[in-house]
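Here's a quick tour of one protein model, going from its greasy surface to its inside and its aromatic rings. Keep the structure open as you read.

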Amino acid sequence: LCLQWVTQNADAHGQAKKNGPLLWCVIFAFIGFLYALIRLVTIEYTSSILVSAGVFKTTTYDDWVRKPLAPLIKIAFDTLLWLRGGHSPNSYTYKVYEDMTLQFIVWLGTLCLCFLILWIFTNMCKACQRFIIFPNEMKWWGRLVISFDNLTYWVWFWTSFFWIGFNVFLAVKPSSFHFNNLGMMSFMLAATVLNYALIIANSLRFSIMESIDANEIAFLSMDNIWRANQLFFMVGPIQGFSVLTGTKNFISYLLYGQDIGGWSGGDLTQVSIAIVKYWTSMIIVSSIACWVYLFTSNPTDVEYQSRRPGCIIFTFIAMDVLHPCVYLRTVGNKWTKEEAAKMSMFQKLTCSRWWKSLLQTLILNEATTNVFRYVAPAYNFMLPLLVFYNSYYGVSAGFTLVAVGAGH
């Protein structure tokens, strides 16, 4: 659908056809945001891009922005320095922190200014809405953003691969990072709270919609958070398969005019089940292999402290996908107590159906399921505390939380 829209081959009618070109405005705005974000982290500057473009003079910027903010930044710096207990060997001078903070404030202020200009221009379009096809209400932009997300969500399918690979890399190769434990812990707590707020709000929204349709009371359980964690690490391969298959089918349609309205690659359900089954099995086996390699490679104390957090976090990821993996591996398995009574222990050990039945008994029961249901939220709140205890958890755990939030 995305390729059809980009190449103007989508079969759109009415308002959807009119909104098609407007999606490019959202795309260009998103590209502009990415450019501003990259510029923020790669270029050292102490003035706004509006000053560089000649919209404001340097003296005007200093009088309106830099001078009023300088005392506030100094107060915040002294407060954080007091909380930290003084400078450390890796600390920079105050000038570096001042420029860095000012740079972020200016970046955030510029984004707010652009949003204000968009809001003013959108409301001005109400006066001439009969003559132009342009959003005249902010909710119109909201619908366009949702359409943009629906067309481009597949672009981020690689995030689950990257973060699983990143944790494996940290589990097998010693790494060192420099940051303040308290700052990283605060960042991770904020990311966790925002992540859960998004999940709960989205889940509650759909729960309310379903309760209205069915005339029932809205209900939100821990399953929402647990399933959201599972979803992020499980759907990456399926989305990657969909991207490759969709691109192949679109090329066939574009070059040969083939009908791509249906699926012609076999039973799609069985293909998806097979992909998830082998992918989750690989995650579980890899997590065990990381621990085996950690203990058999004779690491030094520093290497052990560096690699252990990666193994622990990867183990939590494996625990998230263990339940669906066991279910897919054992679904349809038929095993009765009468059949087990007729077999010797050696026969049971060499029978795959007995092993599947054992896994079902150990994993797919209410007690174990309840443990897994509460482990995911528990370890997400436990990771920031572990960062305060051991800084090696910081990078892996912090950015994994951010990635999972994006995936949600």
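## The nonpolar patch

Let's start with phenylalanine 115, which sits in helix α5. Bear in mind that this is a predicted model. Helix α5 covers residues 94-124 and gives the patch its largest share, seven residues.

The largest nonpolar core has 21 residues, and the ones with the most contacts inside it are Ile164, Phe233, Ile283, Phe314 and Val321.

What does valine 321 touch, leaving aside residues up to four places away in sequence? Its contacts are Phe233, Met234, Thr280, Ile283 and Ile284. There's also a second, separate core of 11 residues, with Ile27, Cys125, Phe134 and Trp140 among them.

## Aromatic pairs

The structure holds 11 aromatic pairs. One of them joins phenylalanine 33 and tryptophan 107, a tilted pair at 6.1 Å centre to centre with 45 degrees between the planes. Phe33 lies in helix α2 (residues 14-42) and Trp107 in helix α5, so this pair ties together parts that are 74 residues apart in sequence. Phe33 counts as partly exposed because its relative accessibility is 33%, whereas Trp107, at 11%, counts as buried.

Then look at tryptophan 291 and phenylalanine 295. Their ring centres are 5.9 Å apart and their planes are at 20 degrees, so the pair is stacked. Both residues lie in helix α11, four residues apart, which is about one turn of the helix. Trp291 is partly exposed, with a relative accessible area of 24%, while Phe295 counts as exposed at 52%.

For a group of rings, go to Trp158, Phe162, Trp163 and Phe166, which form one aromatic cluster.

## A serine to finish

Last stop: serine 357, in helix α15 (residues 352-363). Is Ser357 buried or exposed? Its relative accessibility is 15%, and the cut-off for buried is under 20%, so Ser357 counts as buried. Setting aside residues up to four places away in sequence, Ser357 touches Asn333 and Trp335.

Note on methods: Residues numbered from 1 in each chain as written. Predicted model: local features only at pLDDT ≥ 70, side-chain atom pairs only at ≥ 80, totals over all residues. Heavy atoms only, no water. Core = buried A, V, L, I, M, F, W, Y, C linked by side-chain atoms within 4.5 Å. Buried < 20%, exposed > 50% of the residue type's maximum accessible area, 1.4 Å probe, protein only. Contact = heavy atoms within 4.5 Å. Helix = DSSP H or I, 4+ residues; strand = E, 2+ residues; numbered from the N terminus. Phe/Tyr/Trp six-rings, centres within 6.5 Å; stacked < 30°, edge-to-face > 60°.
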